[in-house]
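I opened a notebook page for a structure I had not looked at before. My plan was to go from the whole chain to single residues and to write down each thing as I looked it up.

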Amino acid sequence: MEDRKIRVAITHGDTNGIGYELIFKTFAEPEMLELCTPIIYGSPKIAAYHRKALDMQANFSIINKAEDAVDGRVNLLACFDEEVKVDLGQPTKESGESALKALDKAMTDFRSQLYDVLVACPVCLSNMTANEVGYTYNGLKEYAETCIGDGAKGMKIMVNESLRIALATNGLAIKDVPANITEENILNNIRKLHNCLKSDFRLSNPRIGVLALNPSADGTEEKEILLPAIKKAEEEGITAYGPYAAEDYFGNNVCDAFDCTLAMYDDQANIPFSTTMQSNGIYYISALPLVCTAPALTPDFANAGAGVADENALRHAIYAAIDIVRNREEYELPLTNPLPKLYHEKRDESEKVRFSIPKKRDTNNQQGNR
């Protein structure tokens with residue numbers, strides 16, 4: 001990282017939800033501005049409306065482009081000029097479009113390397129459609145893949161104080177899950193998860209627990225797909241075990257022995273994640289050039305504007321994004337400047353010798369010659 005504070009882009013989320021409340025509360029602590037420079041992708045008018053509705057002393061500086069962000073301030077970048085009606089607690093077409101416009105602008109700026117990490121405030125999937133291009137938002141992972149993946153596929157990882165759980169499939173109907181559980185898919189996901197844990201979480205030898213698709217863990221998928229994939233991963237030096245029945249894995253705390261769990265479908269991951277989560281759960285989209293996190297929250301329309309939202313998850317999403325980008329840099333630094341080879345070649349181009357080892361001295365002859 002350059003000799004400056006990490007720049008954290010934060011999209012405002014659904015404008016009728018709790019996004020601005022989370023942002024205002026998070027940066028009410030001066031220590032956060034010592035840690036990073038926030039760039040809020042949103043609307044000054046909407047932010048001012050939320051500030052008044054919440055009766056909060058929230059200061060921000062309006063900027064027109066990310067390059068103008070100033071350290072020590074909450075920088076608010078105006079992503080659109082249109083008037084948007086704020087109807088707190090109601091998911092509307094306008095609030096969804098406003099959320100998508102902020103994400104669009106943030107993705108454009110990332111391609112120009114104008115910030116370091118992205119944190120996305122909660123949105124509502126049902127109203128995330130942009131009429132101009134007819135794009136329907138299907139989730140942060142899919143959106144990031146479309147915008148900056150360059151063909152790469154991300155992986156959603158849920159992180160809380162107790163667990164890390166990755167998804168082999170994401171957002172699929174249960175009937176469509178088995179067709180997407182293939183040996184190639186599972187092996188690729190194990191590889192991506194292994195690499196992510198090493199570079200982004202700095203685990204030298206991560207242990208991965210793989211869940212079964214069927215409750216008994218002895219079905220056709222386990223025998224013909226999951227077991228062969230795990231075996232191939234082990235042959236590649238990846239520490240992966242399973243497949244485990246989800247009930248036993250979580251019910252008997254087998255999960256405690258692993259650094260991360262690979263679940264087969266959403267509910268298999270969401271239920272234990274939500275059950276063990278207190279207030280700092282986050283989502284992380286791994287395996288992409290952009291470090292992107294989000295608090296594990298909904299827009300919470302029922303409490304929007306009430307001032308009762310807990311900002312802890314957003315704060316931890318920012319912490320995690322900063323840690324990950326730093327970890328990546330530290331992990332990749334030795335690879336950019338590898339050590340020279342520790343061998344020299346003999347002139348006759350024969351055997352390559354790693355080190356020059358002196359011959360043992362003939363102590364008997366030496367003693368005889370004294």
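The entries below follow the order in which I looked things up.

**Entry 1: the chain as a whole**

I noted at the outset that this is a predicted model, and I therefore turned to the confidence values, pLDDT being the predictor's confidence in each residue. The chain averages a pLDDT of 90, and 88% of the residues score at least 70.

I then listed the secondary structure and found 12 helices and 16 strands. Of the 370 residues of the chain, 48% count as buried. Looking at contacts between residues at least 6 apart in sequence, I found that 74% of them join residues at least 24 apart.

**Entry 2: the nonpolar cores**

I asked which residues have the most contacts inside the largest nonpolar core. This core has 96 residues, and the ones I was looking for are Tyr41, Ile190 and Ile318. Its largest share, eight residues, comes from helix 11, which spans residues 312-336. Apart from this core I found another one, of 13 residues, including Ile165, Leu167, Phe250 and Phe258.

I stayed with tyrosine 41 and, setting aside its neighbours within four places in sequence, looked up what it is in contact with; among the residues I wrote down are Ala9, Ile10, His12, Leu77, Cys79, Ala106 and Tyr115.

In helix 3, residues 44-54, I found Pro44, Ile46, Ala47, His50 and Leu54 to be buried. Why do they lie on the same side of helix 3? They cover an arc of only 165° around the axis, and this puts them on the same side.

I next checked what the buried residues pack against, and noted helix 1 (19-26), strand 2 (36-42), strand 3 (61-63) and strand 4 (75-78). On the other side of helix 3, Lys45 and Lys52 are exposed.

**Entry 3: two residues with positive phi**

Just after helix 3 I came to aspartate 55, which lies in the loop between helix 3 and strand 3. Is aspartate 55 buried or exposed? I found a relative accessibility of 69% for aspartate 55, so this residue counts as exposed, the cut-off being over 50%.

I found another positive phi, near 55°, at glutamine 113, which sits in the loop between helix 4 (93-111) and strand 5 (117-120). Glutamine 113 counts as exposed, with a relative accessibility of 69%.

**Entry 4: asparagine 16**

I looked up asparagine 16 in the loop between strand 1 (6-11) and helix 1, and found it buried, with a relative accessible area of 0%. The side chain of asparagine 16 is joined to that of threonine 92 by a polar contact of 3.3 Å. Leaving aside neighbours within four places in sequence, I found asparagine 16 in contact with residues including Lys85, Asp87, Gly89, Gln90, Ser95, Phe301 and Ala304.

**Entry 5: strand 11**

Threonine 239 has its place in strand 11, residues 239-244, and counts as buried at 14% relative accessibility, because that value falls under 20%. Which side chain makes a polar contact with the side chain of threonine 239? I found it to be that of asparagine 205, at 3.0 Å. Not counting residues up to four places away in sequence, threonine 239 touches Asn205, Pro206, Arg207 and Ile208.

Proline 243 is also placed in strand 11, and I recorded that a cis peptide bond, with omega about 0°, joins glycine 242 and proline 243.

**Entry 6: the cysteines**

How many disulfides does a search of the whole structure find? I wrote down zero. I also looked up two cysteines: cysteine 124 counts as buried at 14% relative accessibility, and cysteine 292 counts as buried at 1%.

Technical notes
Residues numbered from 1 in each chain as written. Predicted model: local features only at pLDDT ≥ 70, side-chain atom pairs only at ≥ 80, totals over all residues. Heavy atoms only, no water. Core = buried A, V, L, I, M, F, W, Y, C linked by side-chain atoms within 4.5 Å. Buried < 20%, exposed > 50% of the residue type's maximum accessible area, 1.4 Å probe, protein only. Helix = DSSP H or I, 4+ residues; strand = E, 2+ residues; numbered from the N terminus. Contact = heavy atoms within 4.5 Å. Polar contact = N/O pair within 3.5 Å; in protein donor to acceptor, adjacent residues only side chain to side chain. pLDDT = per-residue confidence, 0-100. Disulfide = S-S within 2.5 Å. Arc of directions from axis to C-beta.
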